[in-house]
Amino acid sequence: MAKPTTLMSILTITLTLLFSLVAAKQPSFHREISPTSLGLQKEKFSHLRFYLHDILSGPKPTTVEVAEAQMTNTSSSNFGLVLMADDPMTVGPEPGSKLVGKAQGMFGFANQEETGLLMILNMAFTEGKYNGSTLTMVGRNLVSSAVREMPIVGGSGRFRFARGYVQVKSYSLDQKTGDAVLEYNVYVFHY
C-alpha cells in the first residue's frame with residue numbers, strides 16, 4: 001500500500017490537472033491581438049488648426065444654458081452653470097469661413113474663485129480626409145489664461161487610438177453678448 005503522503009501528492013496533481021483542463025475550456029473576455037489585424041498602419045502625428053465659433057446670442061445660438069445651481073447668480077465665477085454646445089469649426093476666424101466640422105459637447109463652470117471650465121468636447125469633422133472622424137477632448141479651461149491646454153483622450157475614424165493635446169486661444173470676445181471665436185491648435189498622435 002502507498003504511503004499517505006504519496007497518495008496525497010498524486011491526488012493533488014490529479015486535481016490540479018483536472019482544474020487546469022476545465023479552466024482552459026472556459027471562454028475568456030480578453031485576448032491580445034496585432035494592431036495590423038484592425039487595419040492600423042504606422043502611427044502619425046498631425047497638427048490641425050481651426051476656429052471655433054461659440055455663439056450665445058441671437059436667434060440661433062450654438063451654445064445654450066442647460067442647468068445652473070442656486071448659487072450661480074451670486075457667484076463671481078458663474079460656479080455651477082452648465083452649457084451645451086454645437087459650435088461650428090471653420091478654417092478661418094470669419095463666420096462665413098469654410099466649415100470643417102462641429103464641436104459638440106458640454107462645459108460647466110467648475111471653479112469658485114475664477115472662471116474655470118470643465119470641458120467635454122467631441123470635435124466631429126465633416127471635411128476632407130477627416131470627414132466622419134472625431135477627436136474627444138476632456139479637460140480644464142482656465143479662461144483667464146492666454147493659452148489654455150487640454151488633453152485629447154481619444155477619437156474615432158481616422159483618429160482611432162488618438163492621444164495628444166489642444167491649445168486654445170481667444171481670437172475675439174464680445175463682452176456684451178459673450179459670443180467668442182477661439183483658435184484651436186490640435187496636436188495629435190493617431191493611426
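Buried here means under 20% relative accessible area, exposed over 50%, and partly exposed in between (1.4 Å probe, protein chains only). The model is predicted, so local features need pLDDT of at least 70 and side-chain atom pairs count only at pLDDT 80 or more, while totals for chains, interfaces and linings use all residues. Residues are numbered from 1 along each chain as its sequence is written, and side-chain values use heavy atoms, leaving out hydrogens and water.

**View 1. Asn 185 sits in strand 9 (residues 180-190).** Strands are DSSP runs of E with at least two residues, numbered from the N terminus. With a relative accessible area of 8%, Asn 185 is buried. Its side chain makes a polar contact with the side chain of His 47 at 2.7 Å, and another of 2.9 Å with that of Glu 183. (A polar contact is a pair of N or O atoms within 3.5 Å; within protein, one must be able to donate a hydrogen and the other to accept it, and residues adjacent in sequence count only if both atoms are side-chain atoms.)

**View 2. Thr 74 lies in the loop between strand 2 (63-67) and strand 3 (82-90).** Is this residue buried or exposed? Thr 74 is exposed, at 71% relative accessible area. The side chain of Thr 74 reaches the backbone oxygen of Met 71 at 2.9 Å.

**View 3. Val 138 belongs to strand 6 (residues 134-142).** Here the relative accessibility is 32%, so Val 138 counts as partly exposed.

Key: Helix = DSSP H or I, 4+ residues; strand = E, 2+ residues; numbered from the N terminus.
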